[in-house]
Amino acid sequence: MIEVRDLHMHFGGFRAVDGASLTIAEGSITGLIGPNGAGKTSLFNCIAGVLTPTSGHVLFNGEDITGLKPHELFHKGILRTFQIAHEFSTMTVRENLMMVPANQTGETLWNAWFKRKTIAAEEAALRQKADEVLEFLTISHIADEKAGNISGGQKKLLELGRTMMVDAKIVFLDEVGAGVNRTLLYTIADAIKRLNVERGYTFCMIEHDMEFIKMLCDPVIVMAEGKVMATGSAEGIMQNEEVIEAYLGTGIKNKEATEGLTKDAKPAAKKTAKKAAVKKTAAKKTGDAT
Ligand SMILES: Nc1ncnc2c1ncn2[C@@H]1O[C@H](COP(=O)(O)OP(=O)(O)OP(=O)(O)O)[C@@H](O)[C@H]1O
């Protein structure tokens with residue numbers, strides 16, 4: 001379980017995360033949504049060690065992990081994927097997977113010369129594991145493709161596959177569904193669901209696509225202006241007036257998210273909400289100094 005307590009991430013005088021508290025329960029697929037600029041990525045980066053928070057705490061099963069670096073969190077099974085998949089483009093898909101586990105014997109020149117048998121055995125085991133991962137993700141057919149040549153959606157699957165090469169406990173997914181065609185989106189959703197149910201992975205995912213959120217996430221946490229404004233089921237969140245207002249107020253760029261969250265809102269209510277939220281944002285930007 002991850003517990004975030006009163007987390008702040010300030011950039012100069014601007015409070016990107018402004019006292020966020022939330023829980024990611026073990027075994028859940030927790031969605032993190034909110035309008036553009038709500039602070040979701042900053043919060044993710046604080047939890048995953050990419051940023052050191054200005055204040056507040058992140059606990060993992062009761063242990064304070066605030067400020068630990070990504071490699072330290074990696075060894076605890078806490079991994080973060082990025083919005084833009086980070087693959088080694090000139091290596092094959094299989095080789096990309098085989099690169100993930102740390103502390104391989106062949107990593108030093110000395111061992112490469114004198115421990116050849118051990119290295120060969122390790123490589124064979126890694127190759128087998130990589131092939132199992134590819135099969136699980138239904139992308140065995142691209143094992144020998146250069147990673148730079150595969151589609152954006154396949155890169156997202158590869159990113160997910162890399163988390164399977166180590167014993168991941170909690171995986172933070174940053175817009176894993178963004179820019180992916182519908183068919184591949186269902187493959188990704190299916191892989192996430194199976195990793196959750198069959199292998200006990202916990203997920204926390206930032207997503208703008210409400211259909212994707214509805215397919216997978218319970219609970220859904222909504223952030224606005226650096227704070228958690230609501231937590232609940234996807235259906236409940238989509239009916240929540242406050243949430244609808246928050247989305248309208250910031251002129252959200254993502255069409256699907258806006259449609260999903262605002263289709264029931266009345267036109268007059270939309271106008272008032274937009275004015276109120278714009279005022280609130282302006283006040284926040286001018287009134288804060290840290
Ligand atoms: N390194 C930084 N320096 C200054 N301001 C930053 C920095 N990173 C983020 N911000 C600001 O913090 C606010 C929150 O950004 P963040 O990326 O966390 O939001 P988000 O909810 O992930 O948005 P989106 O959905 O658009 O990706 C934004 O106003 C952004 O401009």
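Trainee: How many C-beta neighbours does Glu132 have inside 10 Å, and what does Glu132 count as?

Mentor: This is a predicted model, in which local features need pLDDT of at least 70 and side-chain atom pairs count only at pLDDT 80 or more, while totals for chains, interfaces and linings use all residues. Residues are numbered from 1 along each chain as its sequence is written.

Glu132 has 15 C-beta neighbours inside 10 Å, so Glu132 counts as partly exposed. A residue is buried with 20 or more other C-beta atoms within 10 Å of its own, exposed with 12 or fewer, and partly exposed in between, the C-beta atoms being placed from the backbone. Glu132 belongs to helix α5, residues 116–136. Helices (H or I, at least four residues) and strands (E, at least two) are DSSP runs, numbered from the N terminus. Ala147 is 15 residues from Glu132 along the chain, and 18 Å separates their C-alpha atoms.

Next comes the ligand. Its shell consists of Phe11, Phe14, Ala16, Gly34, Asn36, Gly37, Ala38, Gly39, Lys40, Thr41 and Ser42; a residue is near a molecule or strand if its C-beta atom, placed from the backbone, lies within 6 Å of it. Two or more of these residues come from each of β2 (14–24) and α1 (40–47), and α1 gives the largest share, 3 residues. By type, the shell has 4 nonpolar, 6 polar and 1 charged residues. Here Ala, Val, Leu, Ile, Met, Phe, Trp, Tyr, Cys and Pro count as nonpolar, Asp, Glu, Lys and Arg as charged, and the others, Gly among them, as polar.

β2 also belongs to an open sheet of 4 strands, in the order β2-β1-β4-β5, with antiparallel pairing. Two strands pair if DSSP finds at least two bridges between them. β2 and β5 (63–64) are at the edges with a single partner strand each, so one side of each has no neighbour in the sheet. β4 (residues 55–60) and β5 pair over 2 bridges in the antiparallel sense, and Phe60 has Glu63 in β5 as its bridge partner. α1 packs on this sheet, where it touches β1 (2–11), β2 and β4, and its direction makes about 115° with that of β1. Contact requires C-beta atoms, placed from the backbone, within 7 Å; axes are lines fitted to C-alpha atoms, for helices over the stretch in contact, and angles run from 0 to 180 degrees between N-to-C directions.

Note on methods: Two residues are in contact if their C-beta atoms, placed from the backbone, lie within 7 Å.
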